[in-house]
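Have the viewer open and follow along.

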Amino acid sequence: MINFNPAISLVCAFIYSLILSFSTFEFYFLIPLVFLIIVNFDNFFKVLKKLLFLNLFIFAIFVFVWIQDNLVEALNIYVRTNMIIFFNLLLFFNSKGLDIVRGFYLLKFPNKFVSTFYFTWKMIVELQDDFKNIKTTLITRSFHSKTNLFIYQTYGNILGLLFVKSIQKAQNLKDSFELRGFNGKIYLNDSFSLNKFDFYLIILVLITLLFKVYL
């Protein structure tokens with residue numbers, strides 16, 4: 001799996017998604033996508049599995065557009081949406097979220113934006129860990145998901161517990177940073193360098209953009 005520079009990844013994801021969002025499908029849109037498939041082929045089927053899962057939601061949009069408009073337009077939106085998602089899944093497959101924060105940091109986004117994004121990511125990760133721990137506890141106690149009042153109450157209690165924990169963690173995080181003299185800026189590793197694959201990716205995305213503009 002190739003690890004791209006997070007700043008380059010964000011820029012390319014933005015440009016590619018923007019191009020496809022306001023265009024009809026063209027075959028040259030496949031150029032950057034095929035490149036990412038080649039360099040990330042080891043994880044191709046894992047990414048494809050995620051894409052197929054997300055298609056449960058994309059297909060609903062396809063059906064809605066088909067009913068409201070026509071089949072050609074629905075297919076066009078369906079294909080372009082899948083290409084955008086597939087591109088981003090391949091690009092950020094190994095990312096745990098912090099790489100995206102670093103990307104904004106490297107691109108010199110405002111300090112408050114980067115800090116907010118970082119703390120949001122941090123809270124999501126911690127809540128995911130809490131949910132996994134609760135899920136593991138339920139499994140060890142032979143909990144089985146069924147359709148009855150007790151199960152619904154259990155899920156309600158879990159959601160309530162996660163909500164309370166999120167408030168407590170947010171307050172603890174706020175107090176901790178205030179005691180450390182936090183001034184609205186976080187400092188992240190900015191020692192990322194560019195490799196040949198970063199150059200290849202940005203060149204292919206720019207070529208796609210030029211095709212879109214001049215063809």
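Leaving aside neighbours within four places in sequence, L91 is in contact (heavy atoms within 4.5 Å) with F4, S9, A13, L36 and L201. A note before going on: this is a predicted model, where local features need pLDDT of at least 70, side-chain atom pairs count only at pLDDT 80 or more, and totals for chains, interfaces and linings use all residues. Residues are numbered from 1 along each chain as its sequence is written, and side-chain values use heavy atoms, with hydrogens and water left out.

L91 also belongs to the largest nonpolar core, which has 41 residues; L33, L36, F86, F87, L91 and L201 touch the most other members. Such a core is a set of buried Ala, Val, Leu, Ile, Met, Phe, Trp, Tyr and Cys residues joined through side-chain atoms within 4.5 Å. Its largest share, 8 residues, comes from α1.

Now for a helix pair. The axes of α2 and α8 come within 8 Å and cross at roughly 160°, so the two helices are roughly antiparallel (an angle over 145 degrees). The residues making this contact are listed here:

| Helix | Contact residues |
|---|---|
| α2 | I31, P32, F35, L36, V39 |
| α8 | F197, Y200, L201, L204, V205, T208, F211 |

By class, this contact has 11 nonpolar, 1 polar and no charged residues.

Finally, D130 sits in helix α6 (residues 111–140). D130 is buried, at 10% relative accessible area (buried means under 20%, with a 1.4 Å probe and protein chains only). Beyond its neighbours within four places in sequence, D130 is in contact with L162, K165 and K169.

Key
Helices (H or I, at least four residues) and strands (E, at least two) are DSSP runs, numbered from the N terminus. Buried means under 20% relative accessible area, exposed over 50%, partly exposed in between (1.4 Å probe, protein chains only). Axes are lines fitted to C-alpha atoms, for helices over the stretch in contact, and angles run from 0 to 180 degrees between N-to-C directions. Angles under 35 degrees count as roughly parallel, over 145 as roughly antiparallel, 65 to 115 as roughly perpendicular and the rest as oblique. Ala, Val, Leu, Ile, Met, Phe, Trp, Tyr, Cys and Pro count as nonpolar, Asp, Glu, Lys and Arg as charged, and the others, Gly among them, as polar.
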